[in-house]
Structure formats: C-alpha cells, structure tokens
Amino acid sequence: MNQRGLAPGEGVAVEDLPVRIVGYAARSAPAILIERLAEEWLADLREQSGLIARLRFAIGCVWAAGCIRHDHVTATTSAGNTSVRPDARSVMAARAYHGPPLYSRHSESSAQAASAMCDINVTPLIDVMLVLLATLIITLPAMTHAVKLNMLPEQATAQTQLPEVINLDIDFDGAVVWNGAAMHDPAQLDNYLQSAARKDPQPELHLRPDPHVKYDFVARVLAAAQRNQMANIGFADTPAFEE
Amino acid sequence: MGRPSRDVRMSFQTLKVLEAFLENPARERSGADIHQRGGLASGTLYPILLRLESAGWLISRWEAVDPSTAGRPRKRLYRLTASGLSRSSEIFASFNLGRGVPA
C-alpha cells in the first residue's frame with residue numbers, strides 16, 4: 001500500500017495533522033517496516049474519536065517508531081551483521097527481550113551496543129512539537145477572536161418611551177385649559193405648572209393657542225411656564241395659524 | 001509461525017497486552033482494540049506488539065478487505081500463537097490469576 005493520506009500537496013488542516021504525524025512516524029521507522037506501520041497506524045488512527053485522541057495516538061506513534069527503530073538497530077548490532085538486509089521478524093527476533101530495556105541505564109557488554117542505546121534521534125519529536133506549537137499559535141487567536149459591539153445603554157431604551165404630554169389650550173378670550181380642565185385663575189395655572197415641573201422626567205408642555213387669541217395671553221402663559229421651571233415647551237397644532 | 005517461542009521480559013504493559021489477548025485467545029485484535037481496551041499509549045503498545053510477534057508469541061495478518069473498495073487502510077490483526085498462549089497462560093497462572101490456562 002502506498003502511504004495513504006500523505007500526499008505532499010495536501011492542505012495542512014488541523015484535522016489532517018494526526019495523519020501527517022502518523023505518516024511522519026512511519027517514515028522514521030526502519031525501512032522494511034515503513035509500509036506496514038503506515039497502513040496499520042493509519043487504520044488504527046481512524047478508530048480514535050476526537051482530535052485530541054487522534055493527536056495523542058499520532059504522537060505516540062512517533063515514539064513507537066523511535067522504539068522500533070532502536071530495537072531494529074540493536075537487533076542488527078547483536079546479529080553481528082550476518083545479513084545485509086534482514087527481514088523484520090528476524091531482526092526483531094534477534095533482540096527478543098533478552099537485553100536491557102529501551103532506555104535502561106544498564107549498559108550492555110559491548111561498546112557497540114552501548115553506543116546504539118545513546119543514539120536516539122530526538123529530532124522527529126522536536127519537529128512534531130514545533131508543528132503542534134505552530135498550530136496552536138495559529139488557531140488560538142481565531143478561537144478567542146471576538147467582535148466588540150458598543151451596545152446602547154439602558155437609558156437610551158428608556159428614552160424611546162413617549163413622554164407625558166400636557167396639552168395647554170389657550171382660547172380666543174385668553175382662557176387656559178389644562179388637559180381639558182379649565183384654569184380659573186393664574187395662580188391655579190402656576191400650581192399645576194410647579195407640580196408638573198417637579199416630575200422626573202418632566203412632561204412636555206404643548207401649547208395650543210387659538211388662532212384668534214391675542215399674543216399677550218400666550219406670552220403670559222409662556223412666562224408662567226418659564227417661571228415655574230418648565231423645560232420642554234412647544235407649540236402644537238401650528239398648521240391652524242397658516243390659514 | 002514455525003518459530004520457537006522466546007522468553008519475553010514481562011513488563012506491566014506487556015502483561016496488559018497479553019491479558020487482552022487471553023480474554024479470548026481465538027479472537028484477532030487490532031492495535032486500536034488493545035489501545036482502547038487497555039488504555040495503553042500507542043507509543044508503548046506497538047513496540048510491544050512487534051516484540052511479541054518477533055518472539056513468536058503473536059502472529060499477525062492483514063485484514064481481509066480491499067483498501068480501495070473499503071475506502072480505508074487495512075487493519076493489522078494479531079492473535080496469540082499456541083506457544084504464546086501457553087507461555088502467557090503460565091505467566092498469569094504464576095501470578096495466581098489463572099486466565100486462559102490450557103487443559
């Protein structure tokens with residue numbers, strides 16, 4: 001089998017990273033085991049669920065390849081170079097667990113074997129870690145990216161409510177009507193204006209003078225409103241004056 | 001396999017692998033099966049499988065599927081050899097576990 005999923009032109013997506021790491025691990029195994037381990041590990045990688053589990057599995061394969069390579073070298077050494085290209089089983093069987101463990105401190109009797117034990121290539125591990133680090137650096141900012149929105153304060157929503165309106169009609173003879181209730185004298189109007197001015201929010205005062213009223217009466221009402229601290233004063237129904 | 005069984009140094013991880021096979025000695029298991037069952041890291045599991053196979057305790061074959069038809073790579077399936085079953089059963093019997101001891 002060729003090395004499935006290891007095409008050089010393939011995009012480097014995070015999901016593809018375990019496949020690439022497994023391919024890398026298989027290629028770092030002894031040459032006679034590359035194809036077997038690549039297919040076996042890729043098949044077993046498919047059984048892992050989740051990106052983290054797949055990454056752990058793939059990184060473990062890198063470590064496994066290092067162990068297998070070490071066994072291969074040790075077995076070749078202990079076999080005394082009797083064959084130029086031994087098959088996998090004979091190479092592995094030559095070792096067959098009679099010697100020390102992989103990274104044991106107990107040295108073997110021959111200096112050759114001891115040198116083989118020290119010759120562990122950590123370059124693939126470093127490469128994998130660098131790839132993972134670069135992937136994390138690239139993907140983490142995208143995961144934490146947020147768009148800041150300047151939301152309107154709550155006060156703004158409250159302002160959308162219609163304010164209280166006081167309709168103040170001024171009849172042609174100067175009579176003042178407060179929301180339909182006639183004012184009998186200026187003092188009563190002052191009291192109404194004072195109580196309205198103390199409200200929070202202050203209501204709007206809509207003046208609706210009769211088109212035939214003298215401006216003197218209107219001016220007196222305006223002066224009373226201003227004197228009593230009314231802030232929102234306006235004229236309503238002004239189209240009537242255009243006639 | 002036709003190869004004489006060799007002694008294998010028993011580590012805890014090797015015992016866990018053998019234990020998985022001894023649950024049903026006739027059953028073939030892939031590395032992923034043992035990885036998920038025993039919780040062994042792949043970096044530990046596959047060297048052990050290869051060593052056990054080299055020592056004649058295990059035998060392996062490719063899964064009988066066509067990768068191009070199945071759309072996936074073939075699994076490598078392992079099972080105990082007769083000598084592997086005998087030796088591993090002896091080991092577990094010596095631990096007083098008594099699993100898969102042949103009659």
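Helices (H or I, at least four residues) and strands (E, at least two) are DSSP runs, numbered from the N terminus. This is a predicted model, in which local features need pLDDT of at least 70 and side-chain atom pairs count only at pLDDT 80 or more, while totals for chains, interfaces and linings use all residues. Residues are numbered from 1 along each chain as its sequence is written, and chains are lettered from A, with ligands numbered from 1, in the order in which they are written.

**View 1. The two chains, element by element.** Chain A has nine helices and five strands, and its pattern along the sequence is α-α-α-α-α-α-α-β-β-β-α-β-α-β. Chain B has five helices and three strands, running α-β-α-α-β-α-β-α from the N terminus. A residue is buried if 20 or more other C-beta atoms, placed from the backbone, lie within 10 Å of its own, exposed if 12 or fewer, and partly exposed in between. By that count, 24% of the 243 residues of chain A are buried, and 41% of the 103 residues of chain B.

**View 2. Helices H1 and H2 of chain A.** Here the axes of H1(A) (residues 17-27) and H2(A) (residues 34-45) come within 8 Å and cross at roughly 155°; axes are lines fitted to C-alpha atoms, for helices over the stretch in contact, and angles run from 0 to 180 degrees between N-to-C directions. That makes the two helices roughly antiparallel (under 35 degrees is roughly parallel, over 145 roughly antiparallel, 65 to 115 roughly perpendicular and the rest oblique). Look for Val22(A) and Ala26(A) among the H1(A) residues of the contact, and for Leu37(A) and Trp41(A) among those of H2(A); residues are in contact if their C-beta atoms, placed from the backbone, lie within 7 Å. The contact residues divide into 11 nonpolar, one polar and one charged, where Ala, Val, Leu, Ile, Met, Phe, Trp, Tyr, Cys and Pro count as nonpolar, Asp, Glu, Lys and Arg as charged, and the others, Gly among them, as polar.

View 3. A nonpolar core is a set of buried Ala, Val, Leu, Ile, Met, Phe, Trp, Tyr and Cys residues joined through C-beta atoms within 7 Å. Of the 42 residues in the largest one, Val22(A), Ala25(A), Trp41(A), Cys61(A), Val17(B) and Leu49(B) touch the most other members. At least two residues each come from H1, H2 and H3 (51-78) of chain A and from H1 (12-23), H3 (42-54) and strand S3 (76-80) of chain B. The largest share, nine residues, belongs to H3(A). Leaving aside neighbours within four places in sequence, the contacts of Ala25(A) include Trp41(A), Cys61(A) and Ala65(A).

**View 4. Helices H1 and H2 of chain B.** The axes of H1(B) and H2(B) (residues 31-38) come within 10 Å and cross at roughly 110°, so the helices are roughly perpendicular to each other. Lys16(B), Val17(B) and Ala20(B) of H1(B) meet Ile34(B), Arg37(B) and Gly38(B) of H2(B) in this contact. By class, the residues are three nonpolar, one polar and two charged.

**View 5. Backbone details in loops of chain A.** The peptide bond from Asp200(A) to Pro201(A) is cis, with omega near 0°, and Pro201(A) sits in the loop between helix H8 (186-197) and strand S4 (204-209). Asn179(A), in the loop between strands S2 (176-178) and S3 (181-182), has a positive phi near 50°. Gln229(A) has a positive phi near 70° and lies in the loop between helix H9 (215-227) and strand S5 (233-235).

Technical notes. Contact = placed C-beta atoms within 7 Å.
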